[in-house]
Amino acid sequence: MKFFIDTANLDQIKEAQALGILDGVTTNPSLMAKEGITGAENILQHYRDICEAVDGDVSAEVIATDYEGMIKQGEELAALNPQIVVKLPMIAAGVKACKYFSDKGIKTNVTLVFSAGQALLAAKAGATYVSPFLGRLDDISTDGLNLISEIRTIYDNYAFETQILAASVRHTMHVIDCAKLGSDVMTGPLSSITGLLRHPLTDSGLAQFLADYAKGN
Ligand code: E4P
């Protein structure tokens, strides 16, 4: 299972990268704005900086909602670095643009996916990744994990190569449940990754080992 970090915060990206288990980064316009990154040039430069900080795939989202605009922006983003994955919204123009980029061998991430039918369309369009937003479904009393499970079944039935990128992951249990369901990738905040480290028995066990070692030295 790949681990992506869902942030535009460079310090957090570097911290996750330093752990040695990071496979990539996802961003979106809201995450960019949260870091105070505004204006087309600054945003492009920030993507370059993120690519420099990590080894894996970096999802960069188009803002255009029309097909021609998505192609123009997507090509500009893809030209920044081979690590860039063009992130496209799940609307008709996004599906069409996804097909265009996949035919050209440019990686894509179809985002804002909330149903199995949308995920099926993304796979048909040759998406590299599909991003079902499980946390946002949970927020409205709908089982986000069930969507991951449905997509897994559909993709396995037809051997679609599109990778399920569980997005809108909020906490460690989402990560574990997605792993159990066979999600290919998860993207979440740094806390959803570092939280996996924690166990009181690890802490007390290590304290005991160190104390016992100190007795003999
Ligand atoms: C995915 O690519 C999105 O950036 C993200 O996971 C959305 O998460 P949120 O629902 O916590 O905003």
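The following dialogue asks how terms are applied to this structure, which is a predicted model.

Modeller: Residues are numbered from 1 along each chain as its sequence is written. Because the model is predicted, local features need pLDDT of at least 70 and side-chain atom pairs count only at pLDDT 80 or more, whereas totals for chains, interfaces and linings use all residues; side-chain values use heavy atoms, with hydrogens and water left out.

Biologist: What makes a space a pocket, and how much space lies in the largest pocket?

Modeller: On a 1 Å grid over the protein atoms alone, a pocket is an open set of points with protein on both sides within 12 Å along at least five of seven lines, whereas a cavity is a set where a 1.4 Å probe fits but cannot get out. The volume is the space filled by probe spheres set on the points, which are joined across faces, edges and corners. For the largest pocket this gives about 360 Å³.

Biologist: Which residues line the largest pocket closest to its centre?

Modeller: A lining residue has an atom within 4 Å of a point. There are 23 of them in the largest pocket, and Asp6, Thr7, Asn28, Leu31 and Pro189 are the closest to its centre. At least two residues come from each of α2 (29-34) and β8 (185-188), and α2 gives the most, three residues. Such elements are DSSP runs numbered from the N terminus, helices being H or I of at least four residues and strands E of at least two.

Biologist: How do you know how many residues of that lining are nonpolar, polar or charged?

Modeller: Ala, Val, Leu, Ile, Met, Phe, Trp, Tyr, Cys and Pro count as nonpolar, Asp, Glu, Lys and Arg as charged, and the others, Gly among them, as polar. By that rule the lining of the largest pocket divides into six nonpolar, eleven polar and six charged residues.

Biologist: What is the volume of the second largest pocket, and which residues are closest to its centre?

Modeller: The second largest pocket holds about 280 Å³ of space. It is lined by 16 residues, with Ala40, Ile43, Leu44, Glu61 and Ile63 the closest to its centre. Here α2, α3 (40-53) and α4 (67-78) each give two or more residues, and α3 has the largest share, five residues. The classes are eleven nonpolar, two polar and three charged.

Biologist: Why is Ser168 called buried?

Modeller: Buried means under 20% relative accessible area, exposed over 50%, and partly exposed in between, with a 1.4 Å probe and protein chains only. Ser168 has 10%, and therefore counts as buried. Ser168 sits in the loop between β7 (163-166) and α9 (172-181), and its phi is near 60°, a positive value in a residue other than glycine.

Biologist: Why is Ala159 called exposed?

Modeller: Its relative accessible area is 61%, so Ala159 is exposed. Ala159 lies in the loop between α8 (144-158) and β7, and its phi, near 50°, is positive as well.

Biologist: Is Asn28 buried or exposed?

Modeller: Asn28 is buried, because its relative accessible area is 13%. Asn28 is in the loop between β2 (24-26) and α2, and its side chain reaches the backbone nitrogen of Ser30 at 2.9 Å.

Conventions
Polar contact = N/O pair within 3.5 Å; in protein donor to acceptor, adjacent residues only side chain to side chain.
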